[in-house]
Amino acid sequence: MEYNIVNKNEVQFVTFERFNNMPFIKHGFSTRIGGVSEGVYNSLNLGLKTEDSENNVRKNIEKFTLAVGVDKENLVISDQVHSDVIKVVNNEDKGKGYFRERDYSGIDGLVTNVKGIPLMTIFADCVPIFFVDPTKKVIAVSHAGWKGTRLKIGKKTVEVMMHEYESNPKDIIAVIGPSIGECCYEVDQRLINEFNNSFIDTSTFVFPKQEYKYKLNLWNANRITLEEAGLLSENIIISSLCTGCNLDLFYSYRKEKGNTGRMGAIIQLI
Ligand SMILES: [Zn+2]
């Protein structure tokens with residue numbers, strides 16, 4: 001098993017086996033269980049851009065950060081726009097998420113080597129990629145929907161880790177977290193054309209289903225971009241948790257037709 005479901009103060013979140021033996025980080029991917037939101041947002045909705053009450057979302061972020069064991073006051077949250085823009089987070093960015101300051105700037109990836117700053121990206125089906133360089137003590141988290149995957153945000157995150165902190169890609173461990181699986185992700189020709197423009201070979205992640213319809217495996221596509229970046233195959237872990245197949249545990253934008261909450265991916269150096 002690549003993951004565990006942790007239950008703390010009613011909040012359930014996912015941790016990854018490969019990171020659990022790293023005493024210098026805290027991490028977690030939230031589920032929908034253990035929050036205060038109701039209706040379609042039941043119950044741990046972390047989406048600041050949803051129609052849920054802001055008060056509920058604030059309480060949910062507090063509950064999730066407390067469960068993971070990070071300080072909400074220092075939280076940095078990305079304002080995602082399906083770009084490939086990655087922000088290097090420094091001491092002066094501490095708290096530029098929600099509780100201390102709201103400083104949104106159109107970013108889909110966060111990287112830091114500073115201890116005590118929890119990085120959080122927000123999801124409902126898009127692919128969260130967690131990065132740890134245990135040698136240089138650098139962490140990152142990226143948001144890869146189909147657009148970010150096509151733009152190879154995973155590879156670009158690794159490049160930032162290399163240029164900013166001299167990470168060697170062979171040291172980096174990446175975990176692909178809960179997100180929409182091939183089982184639940186049918187796409188049309190137009191989208192596949194975009195992937196054909198940016199990948200030499202799509203045969204390991206695009207599977208024709210019927211005329212102009214395809215199954216798209218974003219996990220494999222991201223695996224390829226991470227291998228292109230120089231990561232070792234054994235250091236790329238796919239959690240294989242499909243959000244669409246597990247609606248009791250996760251929100252799924254596609255399965256719930258956009259009318260749903262959001263989950264958070266947190267990682268922090270300690
Ligand atoms: Zn599925």
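Along the chain, the donors of the zinc ion are spaced as C-C-x57-C-x2-C. The model is a predicted one. In it, the zinc ion is coordinated at 2.3 Å by the SG atoms of Cys183, Cys184, Cys242 and Cys245. The arrangement is tetrahedral because the angles subtended by the four donor atoms run from 103 to 123°, and tetrahedral requires all angles to lie between 85 and 135 degrees.

Two of these cysteines can be described by their exposure to solvent probe. Cys184 is buried because its relative accessibility is 11%, and the cut-off for buried is under 20%. Cys183 has a relative accessible area of 48% and is therefore partly exposed.

| Residue | Relative accessible area | Class |
|---|---|---|
| Cys183 | 48% | partly exposed |
| Cys184 | 11% | buried |

The model also has an open sheet of six strands, in the order β1-β2-β3-β15-β7-β4, and the pairing is mixed. At its edges are β1 (3–8) and β4 (76–77), each of which pairs on one side only. The partner of β1 is β2 (residues 11–16), joined in the antiparallel sense over six bridges. Within this pair, Tyr3 stands opposite Phe16 in β2. Strands of a sheet pair through backbone hydrogen bonds.

Nonpolar side chains tend to be buried together in soluble globular proteins. Here the largest nonpolar core has 40 residues, and Phe131, Leu216 and Leu226 have the most contacts inside it. Another core, of 33 residues, lies apart from that one and includes Leu110, Phe123, Ala124 and Val132.

Terms used: Residues are numbered from 1 along each chain as its sequence is written. This is a predicted model: local features need pLDDT of at least 70, side-chain atom pairs count only at pLDDT 80 or more; totals for chains, interfaces and linings use all residues. Side-chain values use heavy atoms; hydrogens and water are left out. Two strands pair if DSSP finds at least two bridges between them. Helices (H or I, at least four residues) and strands (E, at least two) are DSSP runs, numbered from the N terminus. A nonpolar core is a set of buried Ala, Val, Leu, Ile, Met, Phe, Trp, Tyr and Cys residues joined through side-chain atoms within 4.5 Å. Buried means under 20% relative accessible area, exposed over 50%, partly exposed in between (1.4 Å probe, protein chains only). Donors are N, O and S atoms within 2.8 Å of the metal (3.2 Å for Na, K and Ca); water is not among the atoms, so sites may look incomplete. Four donors count as tetrahedral if all angles lie between 85 and 135 degrees; four count as square planar and six as octahedral if opposite donors are over 155 degrees apart and all others between 65 and 115; anything else is irregular.
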